[in-house]
Amino acid sequence: MSPIRDWASLEACKNYADAVYFGVDELSMRAASGIKVSELSSFIEKCHSYGLKGYLTVNTVVYNQDIKKAEKLLKKAKKEGVDAVIVWDPAIIQIARKIKLPFIVSTQANISNYESAIFYKKLGAKRVVLAREMTLKQIKELTKKVKIEVEVFVHGAMCMAISGRCILSAYLYGKSANCGSCAQPCRKEWMLSDEEGNAISNEGKYFMSAKDLCMIEFVPELIKAGINSFKIEGRRRDPKYIEVVSRCYREAIDAYFDKTFTIEKVKKWKEELSSVYNRGFSTGFYFGTPGKEGISYDKADNVSTDKKLLVGYVTHYYPRVKSGSVTLNHLDLKVGDKIIIEGTNTYIEQVVESIQIENKNIQKGKKGEEVAIVFKDVVRKNDKVFLLQKRKV
């Protein structure tokens with residue numbers, strides 16, 4: 001199950017995922033990303049046209065004033081063909097039951113034992129998303145005792161709070177993590193100061209910034225544990241991240257069933273996963289409570305090996321010849337460069353095979369020029385063109 005930030009995210013993962021999960025601009029734990037309510041019908045239709053199931057998240061804290069809004073949203077979700085909603089609040093579960101809309105219980109419910117899973121099964125849950133704090137041993141015990149679909153997170157950001165139940169952002173910034181607006185204070189370098197203004201830093205260390213979860217090398221063990229759905233975290237991350245992570249886990253799952261899963265492949269997958277946004281990797285709680293090895297002390301933000309640099313924007317596209325013009329607003333572009341074209345409904349990754357100016361082939365377009373290149377798929381006016389490069393270590 002892949003995360004969706006926008007329409008381009010769907011294009012990025014459509015060939016690898018079995019399902020996607022997304023929020024809309026209401027009652028979502030990722031308030032800054034998602035699909036508009038007005039787009040729900042067309043988005044689900046597009047998911048189904050790709051053979052994907054679409055799951056709508058309605059998993060924030062729900063207050064009195066949100067009840068009617070939630071009921072209206074769930075009714076619309078059912079009408080538009082959403083395959084299930086991902087929820088945890090009993091009020092939202094009641095609404096889903098009332099209108100006979102399939103529901104999955106979110107990790108926000110902190111399901112950490114088989115009795116809790118049985119409880120939600122009796123309520124009619126289609127699936128439960130287990131707490132990220134469970135070990136693999138505990139998950140195996142649960143799947144043996146309860147006949148219900150089980151979903152777990154296998155990759156992406158880890159939170160310092162149990163199942164994301166943090167109020168530090170609300171206290172410090174007035175932005176509630178439980179309503180989708182976390183300002184991520186745990187990712188910052190904190191200073192200790194006195195009333196006279198003297199300050200001491202933590203020597204550039206980040207004591208609360210957890211590394212990202214990465215379970216690619218343990219896919220066989222996860223499948224054998226009876227897990228039905230592998231969930232990738234990252235509804236705020238860019239389509240390139242979503243494409244790479246979805247593809248790597250798709251390949252790993254297929255390799256297990258094809259009996260071609262090898263250490264060499266794991267090494268290749270981890271290199272690819274390291275190329276996109278990450279804070280360093282750990283196995284989270286799967287093999288016991290993580291210690292300091294699970295904290296990214298030296299850097300709280302991205303440590304990916306690759307970077308995206310904005311080159312310019314698509315100005316025209318000519319579908320008959322599958323080519324278009326790009327204004328190089330920010331950087332030069334040369335033949336052989338690897339680029340990403342990204343827009344509201346666009347995600348393409350390709351190599352620049354040729355560049356032309358006024359129908360003449362050139363090897364390099366310079367910043368400020370408008371050049372013509374061939375695209376491997378449809379692009380749109382104002383799509384962004386990025387150059388993909390290795391970071392200097």
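Analyst: In strand β2, Tyr21 has Pro3 standing opposite. The model is predicted, with local features needing pLDDT of at least 70, side-chain atom pairs counting only at pLDDT 80 or more, and totals for chains, interfaces and linings using all residues. Residues are numbered from 1 along each chain as its sequence is written, and side-chain values use heavy atoms, with hydrogens and water left out.

User: Do strands β1 and β2 run parallel or antiparallel?

Analyst: Strands are DSSP runs (E, at least two residues; helices are H or I, at least four), numbered from the N terminus. Two strands pair if DSSP finds at least two bridges between them. Strand β1 (residues 2-3) is joined to β2 by two bridges, and the direction is parallel.

User: Which residues of β2 are buried on each side?

Analyst: In a regular strand the side chains alternate between the two faces of the sheet. Buried means under 20% relative accessible area, exposed over 50% and partly exposed in between (1.4 Å probe, protein chains only). Both faces of β2 (residues 19-22) are covered, the buried residues being Ala19 and Tyr21 on one side, and Val20 and Phe22 on the other.

User: Which residue in β17 stands opposite Ile339?

Analyst: Strand β16 (residues 338-342) runs antiparallel to β17, with five bridges between them. A hairpin of four residues links β16 to β17. Because four of its five residues are buried, β17 (residues 347-351) is largely enclosed by the rest of the structure. The residue opposite Ile339 is Gln350.
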